[in-house]
Amino acid sequence: MRYRRFPHIDDLEVSALGLGCMRLPVIGGDEAAIDEAALDSMLRTAAEQGINYVDTAYGYHKGRSEPALGAALERTGLRDRFFLATKSPVWLVESSADWDRLLDEQLARLRTDRIDFYLLHALSGERWDKAARLGAREFLERARAAGKIRHLGFSFHDNLAAFKRIVEGFGEWEFCQVQYNYLDRRHQAGDEGLAFAAERELGVIVMEPLRGGALARPSRQAREAFFKYPTPRMPAEWALRFVWDRQEVSTVLSGMGSADQILENCAVAEAAGANSLTRDELAVIDEAARIYRAKEAVGCTGCAYCMPCPKGVQIPDVFAHWNSAAMFDAAPGSDGWYLQAIAGAGKGGNACVGCGACLPKCPQGIAIPERLAEAHKRLVG
Ligand code: SF4
Ligand code: SF4
């Protein structure tokens with residue numbers, strides 16, 4: 001296993017591959033029924049392979065991931081072999097006392113007296129503003145001083161401007177967790193967000209390196225682009241190598257579902273170093289990305305010049321979800337994030353009133369109101 005560092009954290013080396021606990025094996029298709037024997041086996045394999053970072057969250061697996069992981073770490077005696085990461089469910093916080101109550105509950109669920117990496121979960125610009133108003137900064141410093149948490153960070157889903165604002169909104173951040181892969185270089189934090197974090201010496205944890213598994217099952221044309229390269233590699237390996245190539249990245253989380261998958265990904269982690277991809281290899285990845293992009297529904301670059309919309313429509317996000325649905329032939333109604341966090345929060349394509357304020361600001365000349373209506377229809381069905 002290769003190990004990497006967090007710029008702000010001395011004397012700590014983290015495995016290049018971390019074990020994510022959001023897609024654990026379950027029994028009978030019930031997301032809440034985590035297969036304990038399989039989880040034990042995964043933890044043992046991960047430890048044997050040198051993985052030292054395990055990541056969960058209050059809400060994963062309908063709230064069962066933390067208790068299952070805590071019990072498994074106790075059964076296997078492996079708690080001290082891992083840096084344990086979990087996330088505060090910021091959306092459940094309504095008063096400053098809720099922060100401490102939730103953290104104490106998480107410590108009990110995880111059967112531990114300290115959480116090594118503690119994140120505010122799924123921050124957007126708006127969610128960060130609310131968290132800050134409710135005393136998030138003071139809570140994090142208080143909990144760290146009490147020894148309940150060690151390192152402070154946040155996970156992120158919003159646009160680049162919001163990312164920068166959150167990074168600069170708290171001087172004690174030590175790391176961030178972002179969605180990043182060869183198709184998300186201009187989406188959410190993207191390439192520029194990685195560089196911004198690195199300049200400020202924040203460790204970067206990458207989630208969704210395979211876009212929820214989709215990049216492991218590419219279209220026929222994208223697969224052919226990969227198989228033209230003389231060294232045979234599976235599409236998932238190309239996607240993981242792309243992320244590890246970035247020197248800003250401290251660790252990459254993969255939601256692995258079996259011990260065999262851990263072994264496969266560890267073999268790739270062993271072979272993939274920062275700045276190790278050749279020009280030819282990067283060209284292969286660019287070609288696969290180009291093939292995906294050719295299926296995009298709208299030529300939005302995510303620049304956000306059209307923002308803010310007076311009605312709160314998240315224009316670049318709506319288009320990014322629409323493009324994603326087009327690239328992966330997703331069924332209408334299958335994008336839960338769009339349904340709940342965007343349209344459900346009144347920021348979807350259907351919230352556009354057609355005022356036209358955004359139109360002159362778009363360098364791509366996109367007919368934004370019409371395309372938003374199309375996007376919403378395609379995403380909702
Ligand atoms: S046209 Fe629609 S998306 Fe554009 S600014 Fe007006 S309400 Fe917002
Ligand atoms: S200005 Fe145009 S290209 Fe930029 S994010 Fe808005 S819609 Fe997309």
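## Two paired strands

Strand β6 (residues 115-123) runs parallel to strand β7 (residues 149-156), and 6 bridges join the pair. The structure described here is a predicted model.

Strands of a sheet are held together through backbone hydrogen bonds, and the pairing may be parallel or antiparallel.

## The barrel

Both strands belong to a closed barrel of 8 strands. Going around, the order is β3-β4-β5-β6-β7-β8-β9-β10, and the pairing is parallel. From one strand to the next, the twist averages 30°.

## Helices α4 and α6

Helix α4 (residues 96-109) and helix α6 (residues 136-145) cross at roughly 35°, with their axes coming within 9 Å. This crossing of α4 and α6 is right-handed. On the α4 side, the contact is made by Ser96, Trp99, Asp100 and Leu103. On the α6 side, Ala136, Phe139, Arg142 and Ala143 take part. Sorted by class, the contact between α4 and α6 has 5 nonpolar, 1 polar and 2 charged residues.

## An aromatic pair between strand and helix

Across the whole structure, a search finds 21 aromatic pairs. One of them joins Tyr118 and Phe139: the ring centres are 6.2 Å apart and the planes stand at 70°, so the pair counts as edge-to-face. The cut-off for that label is an angle over 60 degrees.

Tyr118 lies in strand β6 and Phe139 in helix α6, so this pair links distant parts of the chain, 21 residues apart. Phe139 is also one of the α6 residues in the contact with α4.

## Around ligand 1

Ligand 1 is surrounded by 13 residues. The closest are Cys309, Cys352, Cys355, Gly356 and Cys358. By class, the shell around ligand 1 has 10 nonpolar, 2 polar and 1 charged residues.

How values were computed. Residues are numbered from 1 along each chain as its sequence is written. Chains are lettered from A and ligands numbered from 1 in the order in which they are written. This is a predicted model: local features need pLDDT of at least 70, side-chain atom pairs count only at pLDDT 80 or more; totals for chains, interfaces and linings use all residues. Side-chain values use heavy atoms; hydrogens and water are left out. Two strands pair if DSSP finds at least two bridges between them. Helices (H or I, at least four residues) and strands (E, at least two) are DSSP runs, numbered from the N terminus. Axes are lines fitted to C-alpha atoms, for helices over the stretch in contact, and angles run from 0 to 180 degrees between N-to-C directions. A crossing is left-handed if the near helix is turned anticlockwise from the far one by less than a right angle, and right-handed if clockwise. Contact means heavy atoms within 4.5 Å. Ala, Val, Leu, Ile, Met, Phe, Trp, Tyr, Cys and Pro count as nonpolar, Asp, Glu, Lys and Arg as charged, and the others, Gly among them, as polar. A residue is near a molecule or strand if one of its heavy atoms lies within 4 Å of it. Rings of Phe, Tyr and Trp (its six-membered ring) pair if their centres lie within 6.5 Å; planes under 30 degrees apart count as stacked, over 60 as edge-to-face and the rest as tilted.
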